[in-house]
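Please keep the sequence and the 3D view beside you while you read along.

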Amino acid sequence: MRILHLSKFYPPDPGGLEHAVATVAEGVAACGHQVRVICATGSSWQGRRGSFTAEAGPHGVEVVRLPTHGVLWSQPLVRGYVRAARCPADVVYVHRPHPLADIAVLLGRRRPTVVFHHSDVQRQRAVRAMYGPLARKVAGAAAATVVATRAHLRHAEDLGANGREKARVIPYGVDAERFAPGLDVVRPRVFPPQSEGPVGLFVGRLVGYKGLDVLLRAVAGTDLTVVVVGDGPLREQLESRRCDLGVTKQVLMSGPVIDADLPSYYAAADYFVLPSKTPAEMFGISLIEAMACGKPVISTALATGVREVNEKDVTGLEVAPGDIGELRIAMERLAGDRDLRGRMGAAGRVRVEDRFTLDRMVDAHLELCRELVAG
């Protein structure tokens with residue numbers, strides 16, 4: 001089959017949506033299908049942002065990056081996107097939120113379309129008002145829609161009633177061989193020696209909804225140590241805040257890490273923490289990566305898919321969003337109880353094997369595509 005993915009950006013540009021697109025695209029391509037991704041050049045792309053590029057990615061995924069002429073309300077401004085999306089394909093995936101992809105499908109040739117709804121537009125109310133009718137029209141006309149959890153479906157106003165009726169729940173997946181307990185890897189230099197005690201880990205973009213300000217204040221005045229992996233617009237602000245709170249020796253910021261090195265960071269950590277504050281955190285792919293590595297996790301009680309990933313008091317602990325005291329207590333509890341970490345970490349690995357593996361995800365998407373092509 002020829003499968004086309006319409007995405008905003010694509011790795012090495014960071015982000016949960018971008019990671020999910022790559023996981024699906026590369027997993028399907030590894031099964032022998034022709035996969036192409038149309039995207040914009042983002043800030044992390046090492047080539048020139050103003051030039052067109054086409055490259056062969058992992059497993060033969062063809063990645064077409066179009067020049068970005070600015071970003072408006074999180075939407076890259078890309079000339080030629082609609083035209084590029086008209087390339088031959090048996091199935092087209094629209095990864096949302098992405099108004100330009102919806103327009104490309106609406107104006108393009110008729111082909112089976114899958115709307116992969118990662119989330120509604122979260123912050124920009126004006127954009128939501130303008131984008132909603134377009135989004136619901138495209139979802140209603142699509143052959144199928146996909147969400148990662150039942151909670152996604154409850155939040156998916158931009159799917160509309162017709163889009164929700166035809167939705168399938170296909171969870172995100174992780175390579176359970178690459179992310180696994182007991183990996184024999186080199187301990188990253190940013191981590192202190194094991195003799196200095198347990199270390200927590202955060203992996204993600206340094207943006208407001210991730211709750212890193214809460215994490216810094218939770219660590220202040222304690223003996224806790226946490227490594228922060230990632231980059232983003234708040235990096236300088238967090239560095240400054242870290243100094244103000246006097247936690248420069250406790251909150252160790254590694255900066256961005258290439259995907260190939262991530263398993264070694266999970267392996268070196270004793271527990272994982274995701275202190276997200278708002279429903280913009282719809283899933284938390286880093287949660288399943290940590291759980292696959294046998295690490296207990298701390299997440300927040302958001303009414304999103306996060307609660308379908310971390311099973312409270314089984315695979316990890318759960319705290320109220322934005323609650324500094326609860327987060328501090330949860331971190332101190334895991335840091336101080338090795339047996340608890342072991343039990344929850346083992347339960348997390350089992351949960352990933354049962355629900356969140358790469359193979360399960362890819363098989364479900366291939367089954368959907370075969371049905372659409374046959375139909």
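I start with a word I need throughout: contact, or touching, means heavy atoms within 4.5 Å. I am working with a predicted model, where local features need pLDDT of at least 70, side-chain atom pairs count only at pLDDT 80 or more, and totals for chains, interfaces and linings use all residues. Residues are numbered from 1 along each chain as its sequence is written, and side-chain values use heavy atoms, with hydrogens and water left out.

**Entry 1: Thr149**

I looked up Thr149 and found it in the loop between strand S9 (144-147) and helix H5 (150-155). Helices (H or I, at least four residues) and strands (E, at least two) are DSSP runs, numbered from the N terminus. Leaving aside neighbours within four places in sequence, I see Thr149 in contact with Val169, Phe283, Gly305 and Glu308. Is Thr149 buried or exposed? I use these cut-offs: buried is under 20% relative accessible area, exposed is over 50%, and partly exposed is in between (1.4 Å probe, protein chains only). Thr149 has a relative accessible area of 2%, so I note it as buried. Its side chain also makes a polar contact of 2.6 Å with the side chain of His152. A polar contact is a pair of N or O atoms within 3.5 Å; within protein, one must be able to donate a hydrogen and the other to accept it, and residues adjacent in sequence count only if both atoms are side-chain atoms.

Next I went to His95, in strand S7 (residues 91-96). His95 is buried, with a relative accessible area of 0%. Which side chain does the side chain of His95 join in a polar contact of 2.8 Å? I found that of His5. Not counting residues up to four places away in sequence, His95 touches His5, Leu6, Leu17, Val21, Phe116 and His118.

Then I checked a peptide bond: the one joining Arg96 and Pro97 is cis, with omega about 5°. Pro97 lies in the loop between S7 and helix H3 (99-107). I also noted a cis bond from Pro11 to Pro12, with omega near 20°. Pro12 sits in the loop between strand S1 (2-6) and helix H1 (16-29).

**Entry 2: Helix H13**

I checked the length of H13 (residues 338-355). Its 18 residues, at 1.5 Å a residue, should span 26 Å, and the end C-alpha atoms are 26 Å apart, which agrees. The expected span is 1.5 Å times one less than the number of residues.

Which residues of H13 are buried? I listed Leu340, Arg341, Met344, Gly345, Gly348, Arg349, Arg351 and Val352. Seen down the axis of H13, the buried residues fall within an arc of 165°, so they line one face of the helix. That arc is taken from the directions from the helix axis to the C-beta atoms.

At the start of H13, I found a side-chain oxygen of Asp337 within 3.3 Å of the backbone nitrogen of Asp339.

**Entry 3: The six-stranded sheet**

I traced an open sheet of six strands, in the order S13-S12-S11-S14-S15-S16, with parallel pairing. Strands S13 (251-255) and S16 stand at the edges with a single partner strand each, so one side of each has no neighbour in the sheet. Two strands pair if DSSP finds at least two bridges between them.

Strand S12 (residues 226-229) pairs with S13 in the parallel sense over four bridges, and the bridge partner of Val229 in S13 is Gly255. Four of the five residues of S13 are buried, so S13 is largely enclosed by the rest of the structure. Strand S11 (residues 200-203) runs parallel to strand S14 (residues 271-273), joined by two bridges. Leu201 stands opposite Phe272 in S14.

**Entry 4: Asp313**

Last, I looked at Asp313, in the loop between H11 and S16. Asp313 has a positive phi of about 65° although it is not a glycine. At 48% relative accessibility, I count Asp313 as partly exposed.
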